[in-house]
Structure formats: C-alpha cells, structure tokens
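Dear colleague,

I am passing the structure below on to you, together with notes on what turned up when I went through it. Please read the notes with the coordinates open beside them.

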Amino acid sequence: MFGRLIATLSVCCVIAFAQPAPAAAQGGKYHEAPSLDDQVKAGKLPPVEQRLPEQPLIVPVVEKVGEYGGVWRRAFLGPADANNYVRVVYDGLFRFSPNGADIEPKLALGAKSTPDFKVWTILLRKGARWSDGQPFTADDIVFWYKDVLLNKDLTPSVPTWIRNTDGSAAKVEKVDDYTVQFTYDRPATLFLSEVANQDGPDQAYAMFLPAHYLKQFHPAYTPTADLERLAQASSFKSWNQLFAAKAAPASNPDRPTMAAWMPVTRVSDPVFTLRRNPYYIGVDTAGNQLPYIDELRFTYFADQQGLNLAAIAGDFDMQERHIQMTNYPVLKDHEKDGKYRVMIWPTFGGSDAVVAFNLTYTADPVLGKLLASKDFRIALSYAINRDEIKESVFLGLGEARQAVPAPWHPYFPGKDVAEKYTQFDPDKANKMLDALGLTKRDAQGVRLMENGKPLTIEINVVPAFGAWPDVGQLVAKNWQAVGVNAVVQIRERALAYNMRAANQLMTEIWNEDTTAFPFTGGAKLDPRNAPGQTLTLGPLYYKWLTSGGKEGVEPIEPLKRIMQLIDIARTEGHDAQVKAAQELFTIWADNVFEIGTVGLTPMVQGVVVVNSKMHNVPTTLGNDWPLRTPGNARTEQFFFATK
C-alpha cells in the first residue's frame with residue numbers, strides 16, 4: 001500500500017487536474033442543505049450554483065448519498081486539544097485518501113511537476129470562495145509565502161520542507177489568479193506529501209491564508225503602531241502574537257475558513273461549535289453540496305475518564321480521539337444496546353507508548369550526561385518488562401517493539417532492529433549501569449550519581465490518547481528495581497508542550513506515530529522540527545540548528561546522519577527513499593533515542609465509537625497523525641439516517 005504511494009510520487013508528474021462533473025450538475029442543477037434555503041430566499045446568500053467553484057470537489061460516498069441535517073456530538077479536552085478540530089476538518093490543498101496510500105486534491109484542483117521535480121505547479125479551483133464569500137485565489141498562497149513564511153517575526157526558521165539546499169526558501173510565484181508555482185534548486189519528490197500536511201496543525205500556519213482578512217493585522221498593510229496598540233488592548237505583547245491568534249481558526253471564529261464546517265465559538269469555550277460552511281467547495285456524486293451534517297459540537301471534558309464514561313453511555317455520535325483502548329471490552333458489551341457500534345482502525349507501526357529522552361537536558365548537568373548516554377538508555381530499555389505492560393495495559397494485544405514501521409511497510413528495517421534491546425533482562429541492565437560507574441546506592445537502594453545525588457528521573461505523562469499513566473507507573477517500577485528512582489508526573493498538555501520547548505523535560509511518554517512518514521510533516525525523528533510540536537529529543541539541538549550554530553548544542557553524529565538521510569529522501573525516488581528510511585530507523589533503534597514498549601495496537605485513536613444512525617463512516621481506515629484521521633475518511637460525507 002505505502003510502496004504504491006511512494007512510487008507514485010516518485011514517477012508521476014500530474015495529480016488529478018481533471019475530474020468529471022457530478023451527475024446532477026450535468027443537467028445544470030446543484031442542491032443545497034435545507035437549512036440554507038431561508039438565507040438564499042432573503043438574499044443573504046447567493047444560490048448554490050454561484051457559491052460553488054466551476055469544478056467542485058466531488059466526494060465519493062462510503063455507503064450511499066446521504067441526508068442533510070443533524071448535529072455531530074463530539075468531545076475534546078480543552079484549548080490544547082485544537083488538533084481535534086484540525087483532524088476532523090482536514091482543511092488542506094491536498095489530503096491523504098482513506099487507505100492512507102494515495103494523495104488526492106481537495107481545495108486544489110491538481111498539481112504537476114517538471115520531470116526533474118524541481119518545479120511544482122498547483123492549480124486552484126476557479127470560483128472557490130472563503131466562508132465569508134470572498135474569492136480564494138493564488139493571492140492567499142502568496143500572502144502566506146511573502147508575508148508569513150518569509151517574515152522572521154512570524155516564522156523564525158524556514159521549515160525544512162520548503163528549503164533549498166542552502167537553507168533558503170524555495171521560490172513561490174503567482175502565475176495567474178488560480179495558478180501558483182513552487183521552484184526549488186533540488187528535486188522535491190515528496191512535495192505533495194508535505195503539502196498534504198500544511199493544513200495548520202499544532203496551531204501552525206497553513207500554507208494558504210485569508211489575505212483579505214489577515215492583512216489588517218500585518219505591518220506590511222497596517223501601521224505597526226496601530227497594531228501594537230491593538231495587540232496591547234487584546235492582552236498580547238506584540239503584533240505577531242496578535243496575528244497568530246487571529247490566524248488560528250479554532251481560536252478566532254471571525255477568521256474565514258475553507259473547511260466544510262466553520263467555527264462559530266472558540267476552542268477555549270465549554271462547547272466548541274462548528275457550523276456548515278455555505279461556500280464549501282465539495283459536492284457528492286449526485287450534486288448535493290456538502291457537508292451533510294449541519295453542525296459539530298465539541299463538548300469539553302476535564303479529563304479522559306469522564307470523556308470515556310460519556311462514550312460508554314452513548315453520548316457521542318462519532319468519537320475515536322481520547323477513547324481508551326482499555327475500555328474496548330465494555331464498549332463492545334454495550335454495543336448490544338443499539339446506541340452505537342464499535343470499530344477498530346489500526347495504526348501503521350511505530351510504538352503506541354515510547355519513553356522519549358531529552359539529550360540536551362541541562363538543569364542537572366550530571367543527570368543530563370546520563371540521559372545523553374546511549375548505554376544508559378540501552379540499560380533502561382533492558383529493564384522494562386514489556387510482557388507485563390502488554391497484558392496490563394494493552395489487553396494482551398500488540399508486540400514488544402522499538403519505534404519503527406510495521407513489518408508490512410516498505411520502510412521496515414527488519415525484525416532484529418524492531419526488537420533491539422526489547423528483551424526483559426534486569427541482570428544485563430544492572431551490569432550496564434554498574435559499568436557506567438553507578439555502583440554506589442543510598443539506604444533505599446537508589447543508585448548515586450557521581451555528584452553523590454540519588455539518580456532520579458521524572459517521566460512526564462500527558463493522559464491524552466492511551467493509558468499512558470499506567471505505562472509510566474510500570475516503567476517506573478521496572479527502573480526502580482534496577483536502582484533508578486523514577487517519578488511519574490502527569491501534566492496538562494499545553495504545560496507539557498511549553499516545558500518541552502523550554503528544555504525542562506527529562507523524559508516523556510507519548511506514541512511514535514510518524515514512522516510511516518519519516519521524511520515529511522512534523523516527523524518526530526527530525527531534530528529540525530520544533531520540539532514544542534514533536535517530542536523531547538534535544539531542544540538545544542533545535543536551537544543550534546535554527547540559530548546557525550550561535551546558540552544551543554550541536555547535534556551528535558547519529559542525528560546528523562538522520563538529517564542527511566531525510567534530505568536525501570526528499571530529492572530521490574522510491575528505491576532511494578526505502579534505503580534511506582531503513583538506515584534511518586536502524587540508527588534510531590540502535591541509539592534508543594526513544595525506548596519503545598508495545599506497538600501495533602489500536603490504542604491511539606484506533607477504537608472508534610459511532611452512533612448507529614450515523615452512516616458513511618468507513619469500517620476500515622488508514623489511521624495516523626499525518627493522515628489527519630478521521631479527516632482522511634472525508635468527514636463531510638458522514639450523515640445521519642432518519643429512516
């Protein structure tokens with residue numbers, strides 16, 4: 001499946017410029033949601049034919065053409081859970097398909113490249129409009145490029161995906177109102193994979209922005225003094241903070257969007273509400289403008305436990321995010337009540353709970369030296385009883401493995417790599433720790449570091465997508481058995497993100513969900529990706545890389561080689577990408593930058609609870625963060641049956 005995707009991007013130069021018109025539209029007639037009829041009759045909205053582009057996005061349906069109406073009840077865990085919104089709407093120029101293997105046009109009509117892959121042309125849909133009715137054109141991409149990407153106050157460092165070989169930004173030019181050209185000094189073979197992830201994840205900027213709206217908050221178009229006064233009046237320190245807030249759809253309902261549903265409240269509200277976008281570009285195969293569902297309501301829950309109890313009670317219409325796999329048996333038991341059905345969407349590899357290490361920790365230099373020691377990390381990996389974790393936390397599912405792709409993935413580096421250092425061998429762990437000079441212990445049996453302090457490691461846990469606190473406690477128990485004191489610290493997500501970026505975390509538990517896409521998006525294996533948005537690996541490496549070596553810490557040789565392999569893969573075809581990936585994951589596992597525990601389970605957003613009346617939800621779906629699951633299920637074609 002993935003081999004087909006990679007091969008396609010390596011040899012194919014045109015991606016879907018043309019598509020047939022839906023059957024109903026061939027007769028000159030489109031249909032719209034009844035909830036919009038009154039606005040059209042009152043002249044507040046143009047007729048549906050005038051709101052759609054000349055060539056709408058035609059969205060295939062999973063089961064059948066749907067019915068209009070209804071409210072999709074969903075849950076979230078507060079402002080730091082904004083990616084819940086990002087995943088549902090998947091508001092991108094291109095998006096991954098349901099199987100996770102193909103890339104398809106969404107807001108864009110198509111793309112083509114030159115034979116050498118150095119120049120890419122994106123064609124937009126003529127007549128497409130933002131949710132406020134204003135035209136969506138090449139100017140919205142050029143505004144992002146010229147005024148956001150190249151503005152150091154907004155983008156301090158150019159993202160790797162759009163860099164030339166010398167680190168400068170590739171050239172982006174407007175050809176005409178609906179055509180944009182990207183020019184690199186290198187082959188950009190993975191360009192479309194990158195573009196499919198430039199939809200504004202992690203509160204970052206999407207690569208297309210409503211220029212007509214955001215110019216009022218940018219100093220290139222509005223006097224800086226006016227912006228600074230406005231920023232202070234809005235409790236921001238500077239204009240760029242104000243701009244970032246105004247550019248985030250989940251935080252600013254005034255900001256126009258291209259998604260099927262537009263926010264009408266904020267992600268900071270107790271109920272985060274989205275309503276249909278009357279200008280959405282998509283239609284079904286019968287010419288009905290999408291989405292079918294009128295409204296989405298994300299209800300705030302203070303913790304994952306309360307959210308799961310509500311799911312068991314049948315209070316949600318479609319929810320996979322934050323559903324704990326440990327509740328799968330009770331969910332299946334209640335399935336017989338008829339309120340909902342339960343499905344499984346497995347992931348594509350990695351590890352569903354890893355312990356990631358901060359290799360540049362400086363708050364305690366002696367401890368930081370140990371965390372940066374490969375042998376220390378190997379010893380701690382041998383100390384973990386993965387069979388116990390598998391039975392206690394994963395319902396006996398999955399396998400002990402490091403954070404590498406699944407065996408059926410072309411990037412799989414081999415069984416020996418996947419299983420490296422995963423054997424439970426406390427004797428070997430003790431010997432390796434002794435060899436590091438950690439032979440002295442205090443009265444409680446805790447090993448003493450060279451400065452005489454007890455060796456204590458904090459394991460940061462955000463209770464977001466799995467029973468990670470339980471994993472943390474079992475890991476801590478295993479480490480304590482070999483003389484390493486471990487303390488599990490549970491934190492709210494936003495705080496943990498801030499601490500990660502500030503180089504304050506020692507270790508943390510998360511899932512490694514980007515192994516199918518190590519070269520694109522926000523892959524956690526690339527130290528050039530912002531630590532606040534990936535996992536702790538070495539925030540000071542990131543600072544060194546983004547400051548040109550003026551600040552931070554120079555990355556170690558294995559990480560330098562990983563960056564080289566990523567850069568090679570972005571310019572080569574399928575065979576070279578596979579070779580680079582396998583070497584990359586061999587280095588990753590050999591150095592145990594993350595200790596993998598158990599993988600190949602549906603723990604992370606893979607247990608899906610669906611209202612019995614909701615239809616067009618696929619029973620099988622590629623599930624991964626780069627796919628924006630469930631967004632790659634084409635959520636705009638979900639509907640409620642009334643009969």
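In which helix is A231 found? Please keep in mind, before the answer, that this is a predicted model. A231 belongs to helix α9, which covers residues 224-233. With a relative accessible area of 0%, A231 counts as buried, because the cut-off for that term is under 20%. Once its neighbours within four places in sequence are left aside, A231 is in contact with F236, S238, W239 and L242.

Next, the nonpolar cores. The largest of them has 96 residues, and the ones with the most contacts inside it are W468 and W479. Helix α22 (residues 574-591) supplies the largest share of this core, namely eight residues. Apart from that core lies another, of 94 residues, which includes A82, F96, F143 and A641. As general background, nonpolar side chains in soluble globular proteins tend to be buried together. Which residues does W479 touch, not counting those up to four places away in sequence? They are V355, F357, L380, A383, I384, I457, I459, V484, A486 and I595.

On helix packing, helix α14 (residues 374-382) and helix α17 (residues 426-435) pack at an angle of about 155 degrees, with their axes 8 Å apart. The pair is therefore roughly antiparallel, since angles over 145 degrees are put in that class. The crossing of α14 and α17 is left-handed, and the contact is made by D375, F376, I378, A379 and Y382 on the α14 side and by P426, K428, A429, M432 and L433 on the α17 side.

Finally, there is a sheet to look at. Four strands, in the order β3-β13-β11-β10, form an open sheet with mixed pairing. Its edge strands are β3 (71-76) and β10 (261-263), each of which pairs on one side only, and the twist from one strand to the next averages 25 degrees. How many bridges join β10 to strand β11? There are three, and β10 and β11 (residues 271-276) run antiparallel. Within this part of the sheet, W261 stands opposite R276 in β11.

With best regards

Methods
Residues are numbered from 1 along each chain as its sequence is written. This is a predicted model: local features need pLDDT of at least 70, side-chain atom pairs count only at pLDDT 80 or more; totals for chains, interfaces and linings use all residues. Side-chain values use heavy atoms; hydrogens and water are left out. A nonpolar core is a set of buried Ala, Val, Leu, Ile, Met, Phe, Trp, Tyr and Cys residues joined through side-chain atoms within 4.5 Å. Buried means under 20% relative accessible area, exposed over 50%, partly exposed in between (1.4 Å probe, protein chains only). Helices (H or I, at least four residues) and strands (E, at least two) are DSSP runs, numbered from the N terminus. Contact means heavy atoms within 4.5 Å. Two strands pair if DSSP finds at least two bridges between them. Axes are lines fitted to C-alpha atoms, for helices over the stretch in contact, and angles run from 0 to 180 degrees between N-to-C directions. Angles under 35 degrees count as roughly parallel, over 145 as roughly antiparallel, 65 to 115 as roughly perpendicular and the rest as oblique. A crossing is left-handed if the near helix is turned anticlockwise from the far one by less than a right angle, and right-handed if clockwise.
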